[in-house]
Amino acid sequence: MCLFNLYSKERQSFNSRKRGLSRMITNRSTVGFIGTGVMGGSMAEHILNAGYPVHIFTRTKDKAMPLLNKGAEWQPSIKALAKQADIIVTMVGYPADVEHVYFGEDGLLNHVQPGTYLIDMTTSKPALAIRIYEEASKRDCYAIDAPVSGGDIGAQKGTLSIMAGGEPSTFDAVLPLFKLMGTNIIHQGGPGAGQHTKLCNQITIASNMIGVCEAIVYAQKAGLNPSRVLDSITTGAAGSWSLSNLAPRMIKGDFAPGFYVKHFIKDMTIAIESAQEMGLSTPGLDLSLKLYKELADKGEENSGTQALIKLFIR
């Protein structure tokens, strides 16, 4: 069986439902933002700073206060936000959260206005992204899955990588909004393609993080200055985002979350499940998930992913 058969099947509904758009997006369009955590808060701030009216809902209002103090408006529920916004961005934690936000009794799809753009930027399941697209289409809305990579630094700087899946016309319509949050913005294909691409990203990072930890510990054991070693190896063939951005945090003992261990475990679990559905073996991913689960069991689930080095220090 061809490796891409599963993905091709997932695209069937997309290919049969190409539609035109009925609403132009301008900086006067109202943006609803659900989820203002480590990354979501900065992402919403870029939109607010660009002059868009922004309405916020989070489970904990205190997390939204920096945005509310800058002019964003608070909505008391998802239902209330759905009735106010032309574009709704969701950036929550887990697929179960995405399902609740979109499919709950008071969720978006039960209360959204026709013509609304729904942008889920959570790393979630490709099948769930397709389901959201299908249900949004029935309500004359436009859904796109657009998970991101770049962590808290990328979110703060507006330099996230954005991987989008959905109709090309929907992507083109929301691209000005994406450009406020990211710099590497690519339409990868139909519904679910953004999520599949993000899983490729996480699979790559998973094994790389093990190598980064081993390299730092090796440098220390060899009597080298690990920071000086990084000066040599980050610009060569070993270079990676994790090596350049997370290795210095490891050396400093800074384990504050730019991306939570618990969320990385979630992403890797989704990736393994998706790989298994396609009949793929992922030994590097399997090992990384095993180590991160061990790290979480030691009480580090709310630490940043760079805390993995704690398992290598003896």
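Figure 1. N201 has a relative accessible area of 21% and is partly exposed, a label for values between the two cut-offs: buried is under 20% relative accessible area and exposed is over 50%, with a 1.4 Å probe and protein chains only. This is a predicted model, where local features need pLDDT of at least 70 and side-chain atom pairs count only at pLDDT 80 or more, while totals for chains, interfaces and linings use all residues. Residues are numbered from 1 along each chain as its sequence is written, and side-chain values use heavy atoms, with hydrogens and water left out. N201 sits in helix α10, residues 193–221; helices here are DSSP runs of H or I with at least four residues, strands are runs of E with at least two, and both are numbered from the N terminus. Leaving aside its neighbours within four places in sequence, N201 is in contact with S149 and M163, contact being heavy atoms within 4.5 Å. A256, 55 residues away along the chain, has its C-alpha 22 Å from that of N201.

**Figure 2. N208, also in helix α10.** Here's another asparagine from α10, and N208 is partly exposed at 24% relative accessible area. Set aside the neighbours within four places in sequence, and N208 is in contact with S240 and S242. For the S240 pair, the C-alpha atoms are 8.2 Å apart in space and the residues 32 apart in sequence.

**Figure 3. G165, tucked into strand β8.** Strand β8 runs over residues 160–165, and G165 belongs to it. G165 is buried, with a relative accessible area of 0%. Which residues does G165 contact, leaving aside its neighbours within four places in sequence? They are I144, D145, G189, G190, P191, A193 and G194. If you want a C-alpha distance to check, G165 to A146 is 6.4 Å, across 19 residues of sequence.

**Figure 4. The two sides of helix α5.** Helix α5 covers residues 95–103, and its buried residues are P95, D97, V98, V101 and Y102. Why do they count as being on the same side of α5? Because they cover an arc of only 155° around the axis, with the arc taken from the directions between the helix axis and the C-beta atoms. Turn to the other side of α5 and you find A96 and H100 exposed. As a reminder, an α-helix has 3.6 residues a turn, so residues three or four places apart point the same way.

**Figure 5. Helix α5 packed against helix α7.** Two packed helices are described by the angle between their axes and the distance between the axes. For α5 and α7 (residues 126–138), the axes come within 11 Å and cross at roughly 5°; axes are lines fitted to C-alpha atoms, for helices over the stretch in contact, and angles run from 0 to 180 degrees between N-to-C directions. That makes α5 roughly parallel to α7, the term for angles under 35 degrees; over 145 is roughly antiparallel, 65 to 115 roughly perpendicular, and the rest oblique. On the α5 side, P95, V98, E99, Y102 and F103 meet L128, R131, I132 and E135 of α7. By class, that contact has six nonpolar, no polar and three charged residues. For the classes, Ala, Val, Leu, Ile, Met, Phe, Trp, Tyr, Cys and Pro count as nonpolar, Asp, Glu, Lys and Arg as charged, and the others, Gly among them, as polar.

Figure 6. E135, K138 and R139 are linked in a network of salt bridges, each one a side-chain nitrogen of Lys or Arg within 4 Å of a carboxyl oxygen of Asp or Glu. In the R139–E135 pair, N to O is 3.2 Å, and R139 is partly exposed at 28% relative accessible area. Most residues other than glycine have a negative phi. D140 isn't a glycine, yet its phi is positive, at about 60°. D140 lies in the loop between α7 and β6 (142–145) and is partly exposed, with a relative accessible area of 47%.

Figure 7. How many salt bridges does the structure hold? There are eight. D152 pairs with R249, the closest N and O atoms being 3.3 Å apart. This pair links distant parts of the chain, 97 residues apart, with D152 in helix α8 (residues 151–157) and R249 in helix α13 (residues 247–252). D152 is buried at 12%, and R249 counts as buried at 13%. D267 and K266 form a salt bridge too, with 2.8 Å between the closest N and O atoms. D267 has 0% relative accessibility and counts as buried, as does K266 at 10%.
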